Amino acid sequence: MPTASAIELLLGQLEELHHAETQLGVSMHSLSSVASHPGLRHMMVRHLGEIERQKERIAQILTHHGRRLYPGRSVEIEALVDAARKRLETAPDVETVDLVLVIGCIRIDHYEMGSYEVAAAIAEQLGLHAESEMLAECLAERDGSAEILRKLQGEILKLAFPTEVTPEPIFED
Ligand SMILES: [Fe+2]
């Protein structure tokens, strides 16, 4: 039987994640509107669809354990989004805007993946297998998206900085 404090820890993590997803729903919408690269915009819009599913899973777990959803803010997501917005203000062209966006999205994905991984592991440890599976689904969705973003990052980086610098040979003949 899981202890009350262990369950409290898990539910507290899930409340934070619910706030993070809610905040992301608003921020990702406005950030995606400035993306020019079609692949990047597609990934950001796809993320918006996932947010609703992920919020739904978290809400299901929280209400099942007697928690009521309440509004709140995620300081982590706020910091990541603010940092991206500040960089966007000084981006000189659309290619750099896309690069700043892809970097911001990768950072957000890593925050989400870390959070879902920990929450799924705590749920599993507590014997809450259904909850753990639901959280692992959220993790898998973000993981798949991060993989595509990593590939896009290389392509967008080349568009932002098209000149490849060939390093000087270390040893002369
Ligand atoms: Fe998410």
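**Burial.** I call a residue buried if 20 or more other C-beta atoms lie within 10 Å of its own, exposed if 12 or fewer do, and partly exposed in between, with C-beta atoms placed from the backbone. By that rule, 32% of the protein's 173 residues count as buried.

**Ground rules.** I am reading a predicted model, where local features need pLDDT of at least 70, side-chain atom pairs count only at pLDDT 80 or more, and totals for chains, interfaces and linings use all residues. Residue numbers start from 1 along each chain as its sequence is written.

**Overall layout.** I looked up the secondary structure and found five helices and zero strands (DSSP runs numbered from the N terminus: H or I of at least four residues for helices, E of at least two for strands). The order from the N terminus is α-α-α-α-α. Along the principal axes, the C-alpha atoms fill a box of roughly 70 × 40 × 25 Å.

**Helix H2.** I followed H2 through residues 38-64, and its 27 residues reach 40 Å from first C-alpha to last, close to the expected 39 Å (1.5 Å times one less than the number of residues). Its buried residues include Leu40, Met43, His47, Ile51 and Ile58. What do the buried residues of H2 pack against? I found H1, H4 (94-125) and H5 (129-160) there, counting two residues as in contact if their C-beta atoms, placed from the backbone, lie within 7 Å. Just after H2, Gly66 has a positive phi of about 80 degrees.

**H1 with H3.** Next I checked H1 (residues 4-32) against H3 (residues 75-89): their angle is about 15 degrees and their axes are 9 Å apart. Axes here are lines fitted to C-alpha atoms, for helices over the stretch in contact, and angles run from 0 to 180 degrees between N-to-C directions. That makes H1 roughly parallel to H3 (under 35 degrees; over 145 is roughly antiparallel, 65 to 115 roughly perpendicular, the rest oblique). Ala20, Gln23, Leu24, Ser27 and Leu31 of H1 make the contact with Glu76, Ile77, Glu78, Val81 and Ala84 of H3.

**H3 with H4.** How are H3 and H4 oriented to each other, roughly parallel or roughly antiparallel? I noted an angle of about 170 degrees with the axes 9 Å apart, and they are therefore roughly antiparallel. On the H3 side I listed Leu80 and Leu88 among the residues meeting H4, whose own partners include Val97, Gly104 and Tyr111.
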